[in-house]
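User: I would like to learn how to read a structure like this one. Please take me through it feature by feature.

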Amino acid sequence: MTRNVLALCCLCACGLLPIRAADAPVAGTMFFQGRDGVEIIAIQDAPARMKGNLFINTRPDYPIMFKLPPDWEASINVFLVRRAGESYLVDAGNAPERGSLAAKLAALGVKPEQIDAVFITHIHPDHVGGLLSGGAGAEGAAPAAQFPRAALYISRVEYDAWKNDENRQPLGRFLQPYANRLRLFAFGDRLPGGFTARSAVGHTPGHTLYALGQLWFIGDLVHAAEHQFQHPVVCARYDLDPAQAVTTRIEVMTEAARQNAVVLGAHIPFPGIGTVVGPVNLAGVTRPTEWKHFHFLPIKGNELP
Ligand SMILES: [Zn+2]
């Protein structure tokens, strides 16, 4: 769903054409109105399902026997944030041959040069792949930035960990075209647009939560929302440090519920936006333990609280 809000002129004095209104809803995108003029467009870069055998129970003494389904519904979501005429992306989705971010931005009337910054939650292929343009894979062609003006924000911890991780080093080709506009930051730093970077480590060593007021972009805090809000001790095998990922997941869910924050997840079923309730008691859990359980409530309507 889109609205005419995209017709607002760019106020950043960049000399670009205003973003035009989308003439018709663009499938796989949804518009949300936040407080203080913040606009969020959730963009489904690609549909996804997470296989049940990708998940592990990190605590053998956990009092619930897990019945893992063959797979869970998931998604690869990217969030376009517009505020005061500036446009930001949180993550960039898959490489162009596997994702649709570039096509959907074009369908929304958003030109690549209108993106002012991309905030990367962590360096995995489904989050940095869309930083390259579709022509990057052509033989002999140099990798080209999909967003020619955008500054690229990554936590310094994540960047340093990536550099020392042999398995992830090949992902550097997605970052390379942004080398002269790379902005490495520390957790706690204030970033453009009013975003604050917060540590949400565990999935990767520098996994970052971006907070814009009460809008919390949680990246890969959860991979199977249907299960991991209720059972945060369950980890995807993608979590590089499962014990830390569990601790972080419980901390963020506890705080999100307490503050009534809106969480926006990269793999929560599209549009990936909702609130957290809890801790709650679950039937079948017989002892009040340190285990925490939550519920995820998908957002209703297009107004963000
Ligand atoms: Zn991911």
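User: What is the geometry of the zinc ion's site, judging by the angles among its four donor atoms?

Analyst: First, the ground rules. This is a predicted model: local features need pLDDT of at least 70, side-chain atom pairs count only at pLDDT 80 or more, and totals for chains, interfaces and linings use all residues. Residues are numbered from 1 along each chain as its sequence is written, and side-chain values use heavy atoms, with hydrogens and water left out. Now the geometry. Four donors count as tetrahedral if all angles lie between 85 and 135 degrees; four count as square planar and six as octahedral if opposite donors are over 155 degrees apart and all others between 65 and 115; anything else is irregular. Here the angles run from 86 to 166 degrees, and the site is irregular.

User: Which residues are the protein donors of the zinc ion?

Analyst: Donors are N, O and S atoms within 2.8 Å of the metal (3.2 Å for Na, K and Ca); water is not among the atoms, so sites may look incomplete. In this model the protein donors are Asp-126 (OD), His-127 (NE2), Asp-220 (OD) and His-267 (NE2), at 2.1 to 2.2 Å from the zinc ion. Their spacing in sequence reads D-H-x92-D-x46-H. Helices (H or I, at least four residues) and strands (E, at least two) are DSSP runs, numbered from the N terminus.

User: Is His-127 buried or exposed?

Analyst: Buried means under 20% relative accessible area, exposed over 50%, partly exposed in between (1.4 Å probe, protein chains only). His-127 has a relative accessible area of 1%, so it is buried. Asp-220 is buried too, at 2%.

User: How many helices and strands does the protein have?

Analyst: The protein has six helices and 15 strands. It has 305 residues, and 54% of them count as buried.

User: Which residues touch the most other members of the largest nonpolar core?

Analyst: A nonpolar core is a set of buried Ala, Val, Leu, Ile, Met, Phe, Trp, Tyr and Cys residues joined through side-chain atoms within 4.5 Å. The largest one here holds 31 residues, and Leu-89, Val-118, Leu-131, Phe-147 and Leu-175 touch the most other members. Helix α1 gives the largest share, three residues. Apart from this core lies another, of 25 residues, including Phe-185 and Leu-215.

User: What is Phe-147 in contact with, leaving aside its neighbours within four places in sequence?

Analyst: Contact means heavy atoms within 4.5 Å. The partners of Phe-147 include Leu-89, Leu-105, Val-118, Tyr-178 and Arg-181.

User: Which residues other than glycine have a positive phi?

Analyst: Asp-91 is one, with phi of about 70 degrees. Asp-91 sits in the loop between β5 (86-90) and α1 (101-108), and is buried at 2% relative accessibility. Asn-260 is another, with phi near 55 degrees. Asn-260 sits in the loop between α6 (242-259) and β13, and is partly exposed at 47%.

User: Where are cis peptide bonds found?

Analyst: Read omega. Pro-271 lies in the loop between β13 (262-265) and β14 (273-277). Another joins Gly-278 and Pro-279, with omega about 0 degrees. Pro-279 lies in the loop between β14 and β15 (295-298).
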